[in-house]
Amino acid sequence: KEEKKPRLTFTEFRQKHSKGLKIAVISSGTVLAACLCLYIYGCATVPQGVMGRNIYIEDTNVSGLTFDEALAKVKGKTLLNDCNITVTSNGKTYTIDGLEVGLSARVEDTVDRAMRYGKTGNILIDGFANALQVITRHTVMPSANVNEEILREKLNEFGKLVHGELVEHKLEV
């Protein structure tokens with residue numbers, strides 16, 4: 001019969017693998033310390049009165065700008081430029097030209113949303129959001145205006161193509 005090898009005790013395991021354990025503990029401690037430092041930095045540097053770091057409205061960088069500066073910078077851009085509305089139902093797709101339905105951006109609302117990103121008033125949550133902004137980009141998509149009457153007509157056309165005469169529908173913008 002073969003003899004089973006006795007299990008290692010914790011002390012024996014630690015002696016046998018002490019170098020690997022030290023490396024794992026030091027690596028874990030270093031990563032934890034770096035995350036903690038980034039979080040503390042985020043808490044200490046939550047921007048007041050200006051946009052946070054890495055904030056974009058579509059492709060326009062508005063980081064560090066005041067509301068008025070960001071508004072001026074974004075007003076010069078054509079937000080929602082050449083956008084179409086695509087509707088799919090029962091395997092059929094219908095595209096509505098954004099210009100036909102008066103699709104445009106609500107610039108002030110969009111800049112306001114960008115300004116409020118990561119600013120809840122709770123320093124712990126804001127610090128976390130601010131720390132994330134150091135390493136990641138946040139893109140704010142524009143709030144939209146649309147001529148609901150024309151859009152409703154276009155949706156009715158699509159509904160008739162797919163389902164025949166529509167009995168009831170709902171529009172959310």
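Q: What should I know about the model before we start?
A: The model is predicted, so local features need pLDDT of at least 70 and side-chain atom pairs count only at pLDDT 80 or more, while totals for chains, interfaces and linings use all residues. Residues are numbered from 1 along each chain as its sequence is written, and side-chain values use heavy atoms, with hydrogens and water left out.

Q: How many salt bridges does the whole structure have?
A: Six, a salt bridge being a side-chain nitrogen of Lys or Arg within 4 Å of a carboxyl oxygen of Asp or Glu.

Q: How far apart are the closest N and O atoms of Asp59 and Arg137?
A: They are 3.8 Å apart, in a salt bridge. Asp59 sits in the loop between strands S1 and S2 and Arg137 in the loop between H5 and strand S6, so the pair ties together parts 78 residues apart in sequence. Helices (H or I, at least four residues) and strands (E, at least two) are DSSP runs, numbered from the N terminus.

Q: And Glu100 with Lys154?
A: Their closest N and O atoms are 2.6 Å apart, also in a salt bridge. Glu100 is in the loop between S4 and S5 and Lys154 in helix H6, so this pair links parts 54 residues apart in sequence.

Q: Is Lys154 buried or exposed?
A: Buried, at 18% relative accessibility. Glu100 is partly exposed at 42%. Buried means under 20% relative accessible area, exposed over 50%, partly exposed in between (1.4 Å probe, protein chains only).
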